[in-house]
Amino acid sequence: MNRDKEIKEYLEGKLSREENMKYEIAEELGLLDKVLESGWKSLSAKETGRIGGLMTRRKKKTENM
């Protein structure tokens, strides 16, 4: 998805649940401003891995409930 289009959909609340979770986690980690300004490619491997790990943990938690 185009970065600008994705950001617009995020701000309008039109993203899928999984994509929305990615933005929520980025916000919790203090990375949302960086993502909104420069895109997901601006994150380091460590930052991206942290987001992916937290997403996986949350998905497992919701599946078990």
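Guide: This is a predicted model. By the salt-bridge rule, the count comes to six.

Visitor: What makes Glu 18 and Lys 59 a salt bridge?

Guide: Their side chains meet at 2.9 Å, N to O. The cut-off is within 4 Å, so the pair qualifies. This pair links distant parts of the chain. Glu 18 is in helix H2, residues 17-28, and Lys 59 is in helix H4, residues 45-63. They are 41 residues apart.

Visitor: Why is Glu 18 called partly exposed?

Guide: Its relative accessibility is 42%. Buried means under 20% and exposed means over 50%, so a value in between is partly exposed. Lys 59, at 30%, also counts as partly exposed.

Visitor: Why is Glu 28 called exposed?

Guide: Because Glu 28 has 53% relative accessibility, and exposed means over 50%. The side chain of Glu 28 meets that of Arg 58 in a salt bridge, 2.4 Å from N to O. Glu 28 is in helix H2 and Arg 58 in helix H4, 30 residues apart. Arg 58, at 28%, counts as partly exposed.

Visitor: How far apart along the helix are Lys 22 and Glu 19?

Guide: About one helical turn, because they are three residues apart in helix H2.

Visitor: What makes the whole protein count as compact?

Guide: The protein has four helices and zero strands. Its radius of gyration is 12 Å, close to the 11 Å that the globule rule gives for 65 residues, so it is as compact as a globular protein of that length.

Notes: Residues are numbered from 1 along each chain as its sequence is written. This is a predicted model: local features need pLDDT of at least 70, side-chain atom pairs count only at pLDDT 80 or more; totals for chains, interfaces and linings use all residues. Side-chain values use heavy atoms; hydrogens and water are left out. Helices (H or I, at least four residues) and strands (E, at least two) are DSSP runs, numbered from the N terminus. The radius of gyration is taken over C-alpha atoms; the globule rule is 2.2 Å times the number of residues to the power 0.38. Buried means under 20% relative accessible area, exposed over 50%, partly exposed in between (1.4 Å probe, protein chains only).
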